[in-house]
Structure formats: structure tokens, C-alpha cells
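Please consider the arrangement of the domains and the surroundings of the ligands in the model shown here.

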Amino acid sequence: MSNSKKVLLVFLASDSGVDGARSLFEEQSKHKAKEWFDRAVRNLIKQTQFAIPPLALMILASIDVQGVEQTICDLRFEKLPLDTSWDLIGISVQTGMASKAFNLADRLRAKGYKVALGGAHATLFPDACSKHADILVQGEADDTWKTVLEDLKNGTTKKSYVPENFPDLSLNRPINSRLLDKKRYFTTNIIQTGRGCPYSCDFCNVHILNGNRHRRRTVKNIVDEVRRFSEHDNRIFFFVDDSINAHEEYAQELFRQLIPLNITWFGQATTMLGKQPRLLETFARSGCQALLVGIESIEPESRESHNKTQNRSTELAEAIINIRKACISLYGSFIYGLDGDTLATPAAILDFIRMTKLDVPGINILRPNPGTRVFERLKEEGRLLFDAEDLSAYRYTFGQEMLYMPKHITLPDFVESYSRLTADIFTVKNSFLRGVSAPSAKAAVLLFNLFYTHLYALSRHDLKKQISLSLSGHATP
Ligand code: B12
Ligand code: SF4
């Protein structure tokens, strides 16, 4: 019998949002066929577009400590394997799923398991998390998790682990992508080249969680990782960096070295890329098929109000056109409902999408994520629509609920104008047109647009319900 310590690392499924949208209102559909259709679409969404492996758990499970065996359990696909007597169960906690994580942790602890909590929410709200954990791990855990595992082996675990510094990303820490069942995901080729962001958009947590300085891994370590991952899975690569072009010279060198490897890849970039012609060409030559860019707002007043100061809105359209010309499709993410927005904003967004021919528009509602500056400001201004003290009241959804009062627009007007905007953009006909005219990854563009046609219909349904309940004085679900 093996004496090794057994550790299980758990990734949770959110109730709605990207894990397969589901209405927030648990009403039984009268139509069985519609119910079946919704369930089938949900399963398809879950299994294709968004089934991205949990990179954090891949990193932690790849940390090698002799005498400790680690297993990943992705609750989006499997049940908790409680037939094994785990010595430690680690749960990754994101804010939108905090109450779900806490319930699970409480249940496991009641059964006698030792539970460790880590992840964004544990870093931002250690006190709230600590009540539900035997071990609380704050911050980036690349170094601290090794200490936890060694302490577990020696029977000396502590209640709390707080790293003194951000981990040194230049060290080689090989990640084992074979720990995942590759059939479940659209790819297991998930790579992060750096962390931290020099900007401070007030609706974002990244500069708080990962710091204001951009830290990078070495080009060699990443090229080796791409080679190693390709041997296991020859599908597309996804670079999860918030802005893969954040450091131009570094990105230029990295993707230049990736050209001979003949991969295809998706990533996330800033629209600055439209003004970096050499890098743009290298991206295209290294197999870049599509990028997500955060446009957020084309209203100068909104960009100003939320500290989104990089890239002037007038330069955005030109940048997008340049990137598409380089044969890279673009997912452009907007937020409607920022503090400078008015009822004229949706028409401007629509014009912008038509003019730039954006391949996949994402029309988000501002989400006051607890722990961000915008959350604190909206709380002070009395504009939050959920209990600010109850951190688990905030949940992930996909444009399905209003969480705050817009500044210049009444709630019913906002919901009506947002719904009209998404109904104009997302139709089956538009999905096909966008798929056909995408400069690359046509099938993915078509699929994304079709999914969004479904998801935004759900958003319209739920928002309408929320408004009718709030007008009739009922609490929302
Ligand atoms: C890729 C990504 C996605 C992908 C894939 C998500 C996935 N399946 O992993 C997609 C596009 C699907 C996505 C969706 C969403 N995302 Co996202 N996403 C990211 C992104 C860009 C990278 C995540 C990543 O892989 N990071 C790399 C790993 C290594 O870092 P990490 O997760 O922080 O893990 C480290 C530590 O936190 C810790 N740790 C993590 N888990 C655990 C567990 C244990 C036991 C321990 C000890 C330690 C530990 O150790 C890790 C190594 O150092 C981050 C931004 C970022 N820079 O991290 C946002 C981010 C995680 N997303 C965020 C949000 C809000 C969302 C959405 C709600 C957006 C939306 N409106 O729908 C959805 C929710 C999806 C869901 N159900 O999880 C927020 C979360 C904020 C928060 N407080 O929880 C982030 C931080 C971005 C932000 N702007 O603030 N996302
Ligand atoms: S939204 Fe993007 S640019 Fe702004 S702080 Fe977050 S990661 Fe940085």
C-alpha cells in the first residue's frame, strides 16, 4: 500500500455564465421540446467553446513533492471522487462562485476532510474565506503550494500561507498538461507568458491580484512548453495573458521563435497591436487566428470615468481595421452602462461594429466585482443592487442581471436599450454573415456568434423578468 499523501484539486462549475448559460429564474418550461433544446445547447456550450482547462490547477498539480500525489477534479465534467481518502482537498475560489465553494468546503470539512482554499477570492477576501478553510493560501501559489505539500507530508500544515513576494516567473516550472483528460476540453494547450498589468482600470482585479508590474517567463521556457504540449495535443493554443502584446519586444521575440513550430493560436491583446505593424505581422506568421480585445467603451467620458486611459477611442477603429487586415479575427469586448454612457451609446456601438466589421462583438453589462474600485465607488454612491456586505451575493452570469444603477439612465430604460442592442447584433443571419466574412477561424467565429445569439436571448429574458419583479416590489432571485 502506498504511503503517499493524496491531494485533490477542485475546479467548480458556475451556475450560469460561461459554463453553460441557464436562466436565473428556475421556472419550468411548459414546452418539453424547448426544455430539451436549452439543455442540449447548454451541454454544447459547456463542451466546446468555454471548456477551458483550469490553468491554476494544472500549475499546482505539476508541483512535484516526493511522497505526494495530486489529482485534478473539474466539477464541470465529473463528480467529486469521495471514494478515495484524500489527505487534503484544495478548492480554487473565484468571487462569482464563492458561496458554492464555501458550501462545498463546509460539507467536506464536516466529513472530516482537510480543506485548503486559494485563488482570486482567497487573495482578495482572506477573512471571509478563512472561516471555511483549514488552510488558506493567498496570492499566486506557485511557490507556497510546494511549502503546503511539504508541510502536509511532515504533518506541520499551518492555517495560513501568505507569499512574501510575487513568484519569480523566470524560473523554469514545467507544467504537465497530461494531467487532464484532453477529450473534455477544446484544447489542453493553455499557456500564460506573464502576469501583472501596468494599467488600473477600475472594474478589473488583475492589477490588484497580480501587481502593477508586468512579470514575464523566459522565451525559452515557453517555446519548450509549446513543444512539449504539442506532443500531447495537436490542437490550437490559447495564451491566457490579459495582453499578449503588453511588452512589444518580448512578444516579438517569443512569437518569432514560435513560427517554425507551426502552431495555431488564440489570445488576448490590447488594440495597441493595430499600431505595432512588425508584431502584428509576426503574430500572423506564428499562427495567430483570433484575438480578444477589450474595447470596453467608445465614449470618451466613460473611458475617463473608469480610468481606461490607454488608447484613445478615436484610434480604436483604425487599430481594429489594421488587425483584421493582417488576417486575424477579432472578438471585441464592450461594456455598456459605464458612467459616461447615455441612451445614445447603443447606436454608437452598433455603428462602430458595422464600421469595423468586428467578427465577434461581446456586449457586457458593467459587473461591479467585489474587490475592485468600481465596486467600492458604487457602494459609496448607494448604487449597488446587491448586498455589498454579503460577498457571496455577487455571482457570475452572462449579461443576465443588473447589479447596479446606471448613472445617467433609469434601470428600465437601460434594460430595454441593452436588450434592443443585443437583439440587433445577434441574429442567426448576422452570425452567418460574420462567419463568412471573418478573416480567419471562420467556423469558430460562426459558432461564437450562434452561441451568443442563444445566450443574449437568455439575457433579455432574465433582465425583463428582473425588471418586472423589481417594479412589482419582489426581490430578485
Ligand atoms: C482565462 C480566463 C478566463 C477564461 C477561462 C477560465 C478558466 N476556466 O480557467 C474564460 C474566458 C472562460 C473566463 C471567464 C470568466 N472570467 Co476569467 N479570467 C481568465 C484570466 C485572463 C486568466 C486565468 C488564468 O488562467 N490565470 C492563470 C492562473 C495561473 O492564475 P490564477 O487563476 O490566479 O491562479 C493562481 C492563484 O490565484 C492561486 N490559485 C488559484 N486557484 C487556487 C486553488 C488553490 C487550492 C490554491 C492553493 C491556489 C490557487 O495559485 C495560482 C498560481 O499562482 C484571468 C485574469 C488573470 N490574469 O488571471 C481572468 C479572471 C480569473 N476572470 C475573471 C472573471 C470575472 C471571469 C468571468 C466572470 C467573466 C464573465 N463576466 O463571464 C468568467 C467566469 C468563468 C468561470 N466560470 O470561471 C476574474 C476573476 C475575479 C475574481 N475576483 O474572481 C479574473 C481575475 C479577471 C479580472 N478581470 O479580474 N476567464
Ligand atoms: S482591464 Fe486589462 S488593461 Fe485594464 S487593468 Fe485589467 S488587465 Fe489591465
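Predicted model: local features only at pLDDT ≥ 70, side-chain atom pairs only at ≥ 80, totals over all residues.

Residues are numbered from 1 along each chain as its sequence is written, and chains are lettered from A and ligands numbered from 1 in the order in which they are written.

The protein chain comprises domain 1 (5–161) and domain 2 (187–471), with bounds that come from an automatic or database domain assignment. Their C-alpha centres are 25 Å apart. Across the boundary, 28 residues of domain 1 are in contact with 29 residues of domain 2, contact meaning that C-beta atoms, placed from the backbone, lie within 7 Å. On the domain 1 side, two or more residues come from each of helix H1 (32–47), helix H3 (98–110) and helix H4 (120–124); helices (H or I, at least four residues) and strands (E, at least two) are DSSP runs, numbered from the N terminus.

Ligand 1 is surrounded by 40 residues, the closest being Ala 56, Gly 90, Ser 92, Gly 118 and Asn 205; a residue is counted if its C-beta atom, placed from the backbone, lies within 6 Å. Domain 1 and domain 2 each provide at least three residues of this shell. Helix H2 (55–61) gives the most, with four residues.

Around ligand 2 stand Cys 197, Tyr 199, Ser 200, Cys 201, Cys 204, Val 206, His 207, Asp 242 and Gly 294.

Definitions and conventions. Contact = placed C-beta atoms within 7 Å.
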